[in-house]
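Colleague: I would like to learn how to read a model with several chains. Could we take the features one at a time?

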Amino acid sequence: MYLTVNGEPHEHRGDGTVSALLAELGTEPAHTALTVNGNLVFSKDWEIFKFSDGDTVEVLTFVGGG
Amino acid sequence: MNDELLKLGSHTFGSRLILGTGKFSDTETMIRAVEASGTELVTVALRRFNRDKPNDDLCAPLAKLSAVRLMPNTSGAINAKEAVRAAQLGRELSGSPFVKVEIHPNPHHLMPDPVETYFAAKELAADGFLVLPYIPADPVLAKKLEDVGCAAVMPLGAAIGSGGGLSTLEMIKLIIRDSNIPVIVDAGLRAPSEAACAMEMGCAAVLVNSAIAAAQDPVAMAEAFALGVQTGFEARQAGLMLQSEFAVATSPLTSFLS
Amino acid sequence: MKTTLPEWIDPAPWLAREYRVVDVEHAIGTESPDESTLAALLSPAAAEFLEPMAARAQAITRRHFGQTIQLYIPLYLSSYCSNGCAYCGFASDRHTDRHTLPFDAVEKELDSIKTMGFEEILLLTGERSSRADIDYLRTCVRLAADRFHTVAIEVFPMEQDEYHMLAEAGCVSVTMYQETYDPEPYDRMHRWGPKKDFFNRLDAPARALAGGLRFAGLGALLGLADPYHDMIALYRHTRHLQKTYWQAGVSLSFPRIRHEAGGFTAPHPVDEKMLAQIIFAFRICLPDVPLTLSTREGAPFRDGIAGIGINKMSIASRTTVGGYSGNAPEEGQFDINDGRSLETFQAMLHGKNLEPVFKNWEKLYRLTA
């Protein structure tokens, strides 16, 4: 399916779960927060959540900041 | 005066220096500076994960510092709604109750928006966050933020990254005088002596980033700031001597007291 | 009876310390006063420093209030009282004629006072009674607010919603002296009546500010108990209210027992020097808080201390009910020791380069009154 991830088109080849997308992106799930179509998806809901074709996904992590 | 510990909500901290983790040349230097400073609370910012720079992620290296708690900020937010969203994402990522609310609509001077900050702080405090708002040094705003349940207020000493020092000194004194919550100077400090000065005035802590990250030797400067904060805190406890002797009027004012 | 003070007002930690000359010198010059500053300035060691304390107090008073003295006048509405305050001329066991002004007489009194030129009036009653209850008071506040810029009350402790009702009627300020902040002598001095409840009275100013009044006037009646204890507690009460109700103003008075009807003798008499020391100390410790002195004190003392700490005074006062429209010869709540007319007093102030102020503009902005 086709997603928009952090503003760029992304073809997702996995099963549409959060863990599959994060593995594809190479990020550590414990260090990641997600919004899908503008809504925060809490990590406690990741197991049951499935992406849909066309979803806009933001994958966020911490960087240095003051 | 046995308040040796900084208290934010029900949490206590042995160090009264809070460090920002931005603007360092590399993560390793930042981590070493954090360690050298002795800080127990650092601010972090949210960003999109970048596939090309996976090492920018600070979660893993910061997680190794067991004594350090995280305080996500809301930088990038330009209004209350965005700041609330950023805070929720930050809490999701960090598991920390602390949030530094910073809302600066103007990308040049980065001065905090007092109106939006107030509304964001009110909503987040009601939602259980320990809110530390970054604000203009305004005594009225500081009391209003205390009233809505903030854990501390963080007035600016000068513009972010300006190194302008404690240019808001008189206003910060007024904030401290009537505040029931910790007052933390955030932004503007350039030298450890200014951190000491803030602590001597009665600040509960200082938050420093640029002055350490942009020093020639950030690790050594982090340690110097720790010493400055400690010096100022101890001086406050010890009680400063007077600046000048009082004058005695030439014609007595108390002659009416027979 | 609970006899321990809550931590936020307890003066004990500062009473336990001894203050030396160096502490006094430091306190006179400090820019960041606190409880220790006040305790040092009230201590016996400071008695030798009255002149430098006066100089500093005068400089601070000028800085914050300019060369002005705000003037106000009290109006006694009712002398009925069910309390047994040992020191008070209106105590229920005193044989004095009791009166409550009917509304037409209230209007007459208000008009007489207004003609004199006052803009701030303080309405007083005894304890809550069927003659002077909240409804009576509300009507009196409304009548006063129709005529005066600032209406203040010095009455019985009320609940927050009652204060709110009075605020809506146009009252902006409440005066509530704790008399003494020491529960034990408080209990002895207030022999019977609702006023025996120390803590209900202690919390009344906070309830008034929460109820929407803008100003609270605090004080302790000097002479009843140890003045060091009471003055440090008074300072702490002030700071507590300032920090909690930060939009409200606090002002302080320094009433001193001299001679009242019934021959009460103050167990802890405070002389003029000590009173002056207290006033200078409070001015140094609370630079922007209005400090008030009534006509309980005599003319020489009032003239001397005007502008040196004190920035607000009453004058031409009657402490009898109905005293302004020419009747009521009975004994008042306390003896007036400065019986000068408003004109004479203003002339004295002008002679000292002080401007009498009858503030009358803020009311224009208020929507309630």
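Colleague: How much of chain B counts as buried?

Modeller: This is a predicted model, so every value is computed from predicted coordinates. A residue is called buried if 20 or more other C-beta atoms lie within 10 Å of its own. By that count, 51% of the 258 residues of chain B are buried.

Colleague: How do I read a sheet, and which order do the strands of the open sheet in chain B have?

Modeller: Strands of a sheet pair through backbone hydrogen bonds, and the pairing is either parallel or antiparallel. In chain B, an open sheet of three strands runs in the order E6-E7-E8, with parallel pairing. Strand E6 (98-101) and strand E8 (154-155) of chain B are at the edges; each has a single partner strand, so one side of each lacks a neighbour in the sheet. Strand E7 (residues 130-135) of chain B is joined to E8(B) by two bridges. B:Ile135 stands opposite B:Pro155 in E8(B).

Colleague: Now the interfaces. Which pair of chains has the most contacts?

Modeller: The size of an interface is often given as the accessible area lost when the parts come together. Here I go by contacts between residues. Two pairs of chains touch, and the pair with the most contacts is A and B. Chain A gives 20 residues to that contact and chain B gives 28 residues. On the side of chain A that touches chain B, strand E5 (residues 56-64) of chain A gives the most, with seven residues. That side of chain A is made up of eight nonpolar, ten polar and two charged residues.

Colleague: Which strand of chain B is joined to E5(A), and how many bridges are there?

Modeller: Five bridges join E5(A) to strand E4 (residues 41-48) of chain B, and the two run antiparallel. Within this pairing, A:Phe62 is opposite B:Leu46 in E4(B).

Colleague: Where does chain C come in?

Modeller: Chain C touches chain B through 22 residues, with 15 residues from chain B. The largest share of that side of chain C, seven residues, comes from H4(C). The side of chain C divides into ten nonpolar, six polar and six charged residues. Chains A and C do not touch, and their nearest C-alpha atoms are 30 Å apart.

Colleague: Last, the nonpolar cores. Which residues touch the most other members of the largest one?

Modeller: In soluble globular proteins, nonpolar side chains tend to be buried together. The largest nonpolar core here has 112 residues, and C:Ile121 and C:Leu123 touch the most other members. H12(C) gives the most to this core, with nine residues. Leaving out residues up to four places away in sequence, C:Leu123 touches several residues, among them C:Leu75, C:Val141 and C:Ile153. A second, separate core of 95 residues includes A:Val59 and A:Leu60 as well as B:Leu8 and B:Phe24.

Methods. Residues numbered from 1 in each chain as written. Chains lettered and ligands numbered in written order. Predicted model: local features only at pLDDT ≥ 70, side-chain atom pairs only at ≥ 80, totals over all residues. Contact = placed C-beta atoms within 7 Å. Helix = DSSP H or I, 4+ residues; strand = E, 2+ residues; numbered from the N terminus. Nonpolar A, V, L, I, M, F, W, Y, C, P; charged D, E, K, R; others polar. Pairing = 2+ DSSP bridges. Buried ≥ 20, exposed ≤ 12 C-beta atoms within 10 Å, placed from the backbone. Core = buried A, V, L, I, M, F, W, Y, C linked by C-beta atoms within 7 Å.
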